[in-house]
Amino acid sequence: MKTYFSVVYRLSIILSLLFCYILTANAADPPELLKATPLSQTAIQLQFDGQLEAETAEDLANYQIAPDVQVEYALLDDRLNRVLLLTSPLEIDKDYHLTLPNIQTGIVVKLPPINEITFGAGDVVTFSGGLQDTTLHVNKDRKTRNNNAGAEPTLLCNPTGSVFFIAFDMYDAFEDMGIREPTQVLEATITLHLQQCDTDTAQTVLFRRVLLPWKEGRGTSTRAEDNELTYNSALHRNLPWNKRPAQAMLSGIDGDTESDYNGSEDVAHRIDGTVEIQEAGKRYTIKSELLTDAVRFWVANPDYNYGYLFALQDGNGPIVFSSKEATVETLRPLLTIRYQTQSGEETATPR
């Protein structure tokens with residue numbers, strides 16, 4: 001009997017050690033590379049299935065690209081599962097082999113002439129840090145008392161005058177990617193998820209370019225604080241709107257030139273586009289040549305990117321969209337840009 005318990009005891013020790021070894025081995029397994037997407041002639045985005053440590057992710061010795069490509073810089077994204085590699089120039093449609101530690105064969109990387117990137121959220125080529133949105137709730141009885149609802153999971157526009165603002169921060173992304181020529185931008189679209197619509201009748205939402213900096217609210221349906229967007233001002237008590245609430249109708253001010261962004265105007269007179277809204281529970285794509293032109297302007301003048309104001313143009317009921325605070329990431333606002341990966345005068349502009 002003593003021998004039996006001795007064997008059982010030793011066996012339990014062995015199993016415990018084996019279990020600890022398995023746990024240690026699994027804990028030590030690095031995240032796997034899901035995809036490697038070339039963004040431009042000098043940038044590649046890597047996406048992993050788990051979070052990385054900056055010390056490892058930004059170690060240039062961990063990346064090799066053949067033939068004849070030098071990895072010059074590696075930057076771990078804020079989400080900790082994407083790495084941006086800056087490289088010596090890649091050629092269009094040429095096969096390159098990317099090798100990482102613990103990967104036996106190189107991953108083929110081929111730069112296409114045209115690519116797409118997304119700002120907001122999603123699984124494709126995306127960039128973090130770049131979304132600002134809020135609803136300016138207007139009370140028709142006391143318009144000077146208004147809420148800047150930047151912490152709500154929804155965005156609202158209604159006949160009372162409530163409007164919402166969205167801005168996508170592209171400042172670092174295009175610079176890091178080496179996309180510096182506005183003509184490389186071929187098309188831009190914004191997609192919004194309609195969460196609620198109280199009528200079956202079609203309604204029209206318009207969007208105008210914002211020409212002043214604004215600050216989203218930190219509260220949920222609470223009164224705007226100092227330096228927050230209000231019915232009266234882009235920055236509370238500092239930058240008044242020309243016509244409240246941020247719907248200026250100023251002849252000749254369309255946001256096309258740098259002089260339009262001189263601090264004296266607020267929202268472009270011109271409507272950059274409209275979208276017809278009717279059915280809830282789906283995404284609506286917002287696009288126009290003027291929206292694409294706006295993105296081209298922001299590529300050339302990133303300091304003047306204040307996004308868009310959305311308002312109800314034709315309708316009799318509230319329309320509720322999902323905001324960047326939406327619990328489900330895929331419901332959040334997105335900006336998608338289709339662009340040429342190669343810069344230079346020799347590049348044609350396909351449509």
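**Cysteines and core**

Guide: The structure holds 0 disulfides, a disulfide being a pair of cysteine sulfur atoms within 2.5 Å. This is a predicted model, in which local features need pLDDT of at least 70, side-chain atom pairs count only at pLDDT 80 or more, and totals for chains, interfaces and linings use all residues. Residues are numbered from 1 along each chain as its sequence is written, and side-chain values use heavy atoms, with hydrogens and water left out.

Visitor: Is C157 buried or exposed?

Guide: C157 is buried, at 0% relative accessibility. Buried means under 20% relative accessible area, exposed over 50%, and partly exposed in between (1.4 Å probe, protein chains only). C197 is buried too, at 16%.

Visitor: What does F310 contact?

Guide: Beyond its neighbours within four places in sequence, F310 is in contact (heavy atoms within 4.5 Å) with residues including C157, F164, I190 and F207.

Visitor: And which residues touch the most others in the largest nonpolar core?

Guide: Among them are F310, I190, L39 and F119, in a core of 44 residues. A nonpolar core is a set of buried Ala, Val, Leu, Ile, Met, Phe, Trp, Tyr and Cys residues joined through side-chain atoms within 4.5 Å. A second, separate core has 21 residues, including L33 and Y63.

Visitor: Changing topic, how much of the protein is buried?

Guide: Of its 351 residues, 47% count as buried.
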